[in-house]
Amino acid sequence: MHRGKLDCAGGALLSSYLIVLMILLAVVICTVSAIMCVSMRGTICNPGPRKSMSKLLYIRLALFFPEMVWASLGAAWVADGVQCDRTVVNGIIATVVVSWIIIAATVVSIIIVFDPLGGKMAPYSSAGPSHLDSHDSSQLLNGLKTAATSVWETRIKLLCCCIGKDDHTRVAFSSTAELFSTYFSDTDLVPSDIAAGLALLHQQQDNIRNNQEPAQVVCHAPGSSQEADLDAELENCHHYMQFAAAAYGWPLYIYRNPLTGLCRIGGDCCRSRTTDYDLVGGDQLNCHFGSILHTTGLQYRDFIHVSFHDKVYELPFLVALDHRKESVVVAVRGTMSLQDVLTDLSAESEVLDVECEVQDRLAHKGISQAARYVYQRLINDGILSQAFSIAPEYRLVIVGHSLGGGAAALLATMLRAAYPQVRCYAFSPPRGLWSKALQEYSQSFIVSLVLGKDVIPRLSVTNLEDLKRRILRVVAHCNKPKYKILLHGLWYELFGGNPNNLPTELDGGDQEVLTQPLLGEQSLLTRWSPAYSFSSDSPLDSSPKYPPLYPPGRIIHLQEEGASGRFGCCSAAHYSAKWSHEAEFSKILIGPKMLTDHMPDILMRALDSVVSDRAACVSCPAQGVSSVDVA
């Protein structure tokens, strides 16, 4: 199209550049096509038909060198400012920019994903635990473990390069790297294997649920104390969830109100309110205060302290006077930054320093450190003393969502000695929070609220190990190529289907066989894992850093009634509420709502629905029918 426009200074060079570029791209396309065709052969556990893949990958890697050279020449040509047709010049600039973006993205991906220890682990993949009897082998494996931790720490530092380098951050990097290296060191799975395993698990899980017998129906009298207690706690959760949401500040408010949110709080961002701000202690308020006022419905004078200081192990929080419930409310923010993610991933256990009669006081290290920070701010800075000097007859209530919910539970336990009437409402808290003894101890003053299949209240190191084992087993039984599993899984997630059509060697109903060992599963293990504390076939003791941990307090579970679409966005959903045992959250459930059910706006809508529905049922005239609960 533009051949006639190349008659300019440097046009011959440009013509040669484009011809060579097209030839180079044609070779790259052919190589990538060959990689795609070869990768579609065999199954996850049968890599034999893909044995030529490594050669193709090396060829593709070698082609990056001429690509880089040619992209450099193109950049130099553009830098010289050759005077040709503007359309041609813009085309070359776009080509050079896109080439460098692709090269940079590939390099970063290789640095993050490539495992330099994969080949070194291979000789020990089939040795089993007996191989560890050798002193030399033990030393080698310990060295490999240290090297794997170093690799993960480098990856995390690259991904979190914008975070400061204080002592807490360095400790969090090391803790997170050790967690990932321990979790992935004993398997030979790539990300697409995990995606295929999750797709298979979702179908298997739905198949098992469909084949279960109908739930037993238990009738309760309408005025039972258990139902009255549930109604009261649901009303409290509905009220205090506003404070937990307010702790997120303006981002969540605008997310919940995309059309009007910015207009409502925009004036608060621009106008100077020095006099009002002086009434409230805290820092880094910015636009947050306006959203907090709109979310809670309180006035400036009702707030004692608002802090959005955010670092590793240091969470934002607010303290307010709630005159409606006559309480001093402490709301701790959940995960909303990379610093918070590092706090979440510092998952080893430490002894919780609290005054109580419980002997086993192990707790999640990162959340424990965050709760200790808030505790020191409340006590040492006199924030709670100031609040109770204004309202001495009020009681203390601590709330939070997600990470904030876990921190709120630990903070309530720390403050209980000084404030025996303290109450805590933890919304969607992580499961891996503290020991069984502390979980039982907390049931008298902590209530947790969980929505649907939310993954966070089911998330712990123990449950992740169980999920990994289930992925290995279902993948090992698979007799289909990975691309077919992924395509079938994508269709199933988007449009549903029959879960009996599992692409495995088993019939849909014969799920018991999936609990038996399989040779293909062992081919996906590089060595025995030291972290399988729950596995009966693990010959090694569990790591003391990652013991089984449990969620806080009594648990209210909100479950959707009927179906409202695959992602819950097609129609208004209705929910039922019940008291649940922590054992009901001992396995991670796979599904499209496992992430959306954790979002605070979805949880608030579910609370609105269930509270209004139950209020309507209580207010309607009795028809001679007792209330029915499903057990």
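**Contacts, salt bridges and helix packing in the predicted model**

Setting aside residues up to four places away in sequence, Lys165 touches Cys160, Arg170 and Phe173. This picture, like everything below, comes from a predicted model. Lys165 sits in the loop between helix 5 (135-159) and helix 6 (167-184).

Turning to the overall picture, the protein has 631 residues, of which 47% count as buried. Its secondary structure comprises 22 helices and 13 strands. Among contacts with a separation of 6 or more, 75% are between residues 24 or more positions apart. The protein exposes about 30,600 Å², and carbon and sulfur atoms supply 60% of that area.

The UniProt record, an unreviewed entry, places the feature "transmembrane region" at residues 12-36, 57-79 and 91-114. In the model, residues 12-36 are 100% helix and 0% strand, with their end C-alpha atoms 36 Å apart. Residues 57-79 are likewise 100% helix and 0% strand, and here the end C-alpha atoms lie 33 Å apart. A nonpolar surface patch of about 380 Å² is formed by Ile19, Met22, Ile23 and Val27. One of these residues, Ile19, belongs to helix 1 (residues 11-39). Ile19 is classed as partly exposed because its relative accessibility is 45%.

Beyond its neighbours within four places in sequence, Tyr253 is in contact with Gly261, Arg264, Ile265, Ser291, His294 and Thr295. The C-alpha atoms of Tyr253 and Ile292 are 8.4 Å apart in space, although the two residues are 39 residues apart in sequence.

Charged side chains come next. The count of salt bridges comes to 26. Glu227 and Arg614 form a salt bridge through their side chains, at 2.9 Å from N to O. This pair links distant parts of the chain, with Glu227 in helix 8 (residues 225-246) and Arg614 in helix 22 (residues 600-619), 387 residues apart. Both Glu227 and Arg614 are buried. A salt-bridge network also links Asp229, Glu233, Arg423 and Arg554.

Arg333 has a salt bridge with Asp310, again with an N to O distance of 2.9 Å. Asp310 is in the loop between strand 3 and strand 4, and Arg333 is in the loop between strand 5 and helix 13 (338-345), so the pair ties together parts that are 23 residues apart in sequence. Asp310 and Arg333 are both buried. The side chain of Arg333 also meets that of Asp340 in a salt bridge, at 2.7 Å from N to O. With a relative accessible area of 0%, Asp340 is buried, and Arg333 counts as buried at 5% relative accessibility.

Two backbone positions deserve a look as well. Most residues other than glycine have a negative phi. Glu326, however, has a positive phi near 50 degrees. This residue is in the loop between strand 4 (317-322) and strand 5 (327-332), and its relative accessible area of 47% makes Glu326 partly exposed. Ser402 also has a positive phi, near 65 degrees. The loop that holds Ser402 runs between strand 8 (395-401) and helix 16 (403-415). Ser402 is buried, with a relative accessible area of 7%.

How values were computed:
Residues numbered from 1 in each chain as written. Predicted model: local features only at pLDDT ≥ 70, side-chain atom pairs only at ≥ 80, totals over all residues. Heavy atoms only, no water. Patch = residues over 30% accessible without salt bridge, like charges linked within 9 Å, V, L, I, M, F, W, Y side chains within 5 Å. Areas by Shrake-Rupley, 256 points an atom, 1.4 Å probe, with all protein chains shown as cover. Salt bridge = Lys/Arg side-chain N within 4 Å of Asp/Glu carboxyl O. Helix = DSSP H or I, 4+ residues; strand = E, 2+ residues; numbered from the N terminus. Buried < 20%, exposed > 50% of the residue type's maximum accessible area, 1.4 Å probe, protein only. Contact = heavy atoms within 4.5 Å. UniProt positions renumbered as here; feature names shortened; annotations may be inferred.
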